[in-house]
Amino acid sequence: MIDAINSLFVSVLNWIYSWVGNYGWSVVVFTLFVRLLVLPLDIKSRRGMRATMRIQPKLQALQKKYANDKEKLNQKTLELYRKEHVSMTAGCLPMLLQWPILIFMFTAMRVVANEHTIQMILDLQNGIEPVFQSWLWIKNVFMPDSFMSSILPAAGSALVEIGPVGYSSILTAENIEAARAFLATSEYAAIAAQHGANAFMSIPLNFIFLQTTLTLPTSFAALFEYANGLFILPILAAVSQFLMTKVMNSTGRKKDKSQPAQPEPANAMNSGFMKWFFPLFSLWICATSNSAFSIYWMAVNVISIIQNIVLNRIFDHEEAKRELEKNGAAN
């Protein structure tokens, strides 16, 4: 089942590419497509969250009244939710659905990136010049958007990150081993040098829990000429993730200072730890993943921010209209 869904995501992405002709923009189109599919659930989720916030004063009154009777409190709470037509789980489903989609998209991006990387290395072995999939400032969307990443895989690389295998005719064990063997040859080292491999220096980092190699351009000129990216996507992903969290936790309505403040419902997104964890996690995963997946991550955040701002305004208008009708009926 999981393999079938992964294959579906890969097929849809490649189909979009057949029309768009650029994998960077294909990812953006695919992101829009996915967001449109889950839009009805997002609308239901936002309505549920706002309804939950609306009944917070009544929930607090119940908690105060039945503080010493938990069973009665649970009963009255359920009655309140039914009376107000509020679902206790309405806001959870879209958030839970986003994680499987994210994982499937991550897998699809790895498959496509690995497929093109292996094919490019095999083409180089046969004397065919590589054709890179660029996007804005990024020279190769199948490598990370980072000044620490070269356009081509490093000479002698073992391609240890290649996987998963089996989603295409290119990602076979034989092709991967052939590509790994070619990367270790002096012939590939010479080709990589032509694309700026010698413009990077490797600095070993040895800590107690971390033993890795830091790759940096040897000069400021090499940063713009040979580095695959400028580390813009990881930063944009982190900033947009932080803004999305702020927007998700906001009703969008202007507070009425004449009314007592109503606390927001407690949830994981409101906690200080999660508020900073997700932006930092976004920074890390986009810095270590291929640029195509980073484009998807950032696009999801930007679309979600715009979507929630628009939905908040629509819901504010609906609530204001209901209040006017209610006040008119009372008068």
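This report walks through the predicted model from its overall fold to single residues.

## Basis of the model

The model is predicted: local features need pLDDT of at least 70, side-chain atom pairs count only at pLDDT 80 or more, and totals for chains, interfaces and linings use all residues. Residues are numbered from 1 along each chain as its sequence is written, and side-chain values use heavy atoms, with hydrogens and water left out.

## Overall fold

The protein has twelve helices and two strands. Helices are DSSP runs of H or I with at least four residues, strands are runs of E with at least two, and both are numbered from the N terminus. From the N terminus on, the order is α-α-α-α-α-α-α-α-β-β-α-α-α-α.

Buried residues account for 42% of the 331 residues. Buried means under 20% relative accessible area, exposed means over 50%, and partly exposed lies in between (1.4 Å probe, protein chains only). A contact means heavy atoms within 4.5 Å. Among contacts between residues at least 6 apart in sequence, 73% join residues at least 24 apart.

## Two nonpolar cores

A nonpolar core is a set of buried Ala, Val, Leu, Ile, Met, Phe, Trp, Tyr and Cys residues joined through side-chain atoms within 4.5 Å. The largest one has 49 residues. Val27, Trp135 and Tyr296 have the most contacts inside it. Helix 6 supplies the largest share, 14 residues.A second, separate core has nine residues, including Ile55, Leu62, Tyr66 and Leu80. In soluble globular proteins, nonpolar side chains tend to be buried together.

Which residues does Trp135 touch, leaving aside its neighbours within four places in sequence? The partners of Trp135 are Asn22, Gly24, Trp25, Val28, Val141, Leu233, Ile295 and Met298.

## Helix 1 against helix 2

Helix 1 and helix 2 pack at about 120°, with their axes 9 Å apart. Axes are lines fitted to C-alpha atoms, for helices over the stretch in contact, and angles run from 0 to 180 degrees between N-to-C directions. Helix 1 is therefore oblique to helix 2. Angles under 35 degrees count as roughly parallel, over 145 as roughly antiparallel, 65 to 115 as roughly perpendicular and the rest as oblique. The crossing is right-handed. A crossing is right-handed if the near helix is turned clockwise from the far one by less than a right angle, and left-handed if anticlockwise.

Helix 1 makes this contact through Phe9, Val12, Leu13, Asn14, Ile16, Tyr17 and Val20. Helix 2 answers with Tyr23, Trp25, Ser26, Val27, Val29 and Phe30. Gly21 sits in the loop between the two helices. Gly21 is partly exposed, at 46% relative accessible area. Gly21 and Gln133 are 112 residues apart in sequence, yet 9.3 Å apart in space, C-alpha to C-alpha.

## Helix 4 against helix 5

Helix 4 (residues 56–65) and helix 5 (residues 70–83) pack at about 160°, with their axes 10 Å apart. Helix 4 is therefore roughly antiparallel to helix 5. This crossing is right-handed.

Lys58, Leu59, Leu62 and Gln63 come from helix 4. They meet Leu73, Lys76, Thr77, Leu80 and Tyr81 in helix 5. Leu62 and Leu80 also belong to the second core.

## Salt bridges

How many salt bridges does the whole structure hold? The search finds two. A salt bridge is a side-chain nitrogen of Lys or Arg within 4 Å of a carboxyl oxygen of Asp or Glu.

Arg35 pairs with Asp42, with the closest N and O atoms 2.8 Å apart. Arg35 is buried at 6% relative accessibility. Asp42 is buried at 8%. Glu177 pairs with Arg180, with the closest N and O atoms 2.8 Å apart. Both lie in helix 7, three residues apart, about one turn of the helix. Glu177 is partly exposed at 44%, and Arg180 is partly exposed at 26%.

## Positive phi outside glycine

Leu136 is not a glycine, but its phi is positive, near 50°. Leu136 lies in the loop between helix 6 (93–125) and helix 7 (173–183). Leu136 is exposed, with a relative accessible area of 57%.

Phe231 also has a positive phi, about 65°, without being a glycine. Its place is the loop between helix 9 (220–225) and helix 10 (232–248). Is Phe231 buried or exposed? Phe231 is buried, with a relative accessible area of 17%.
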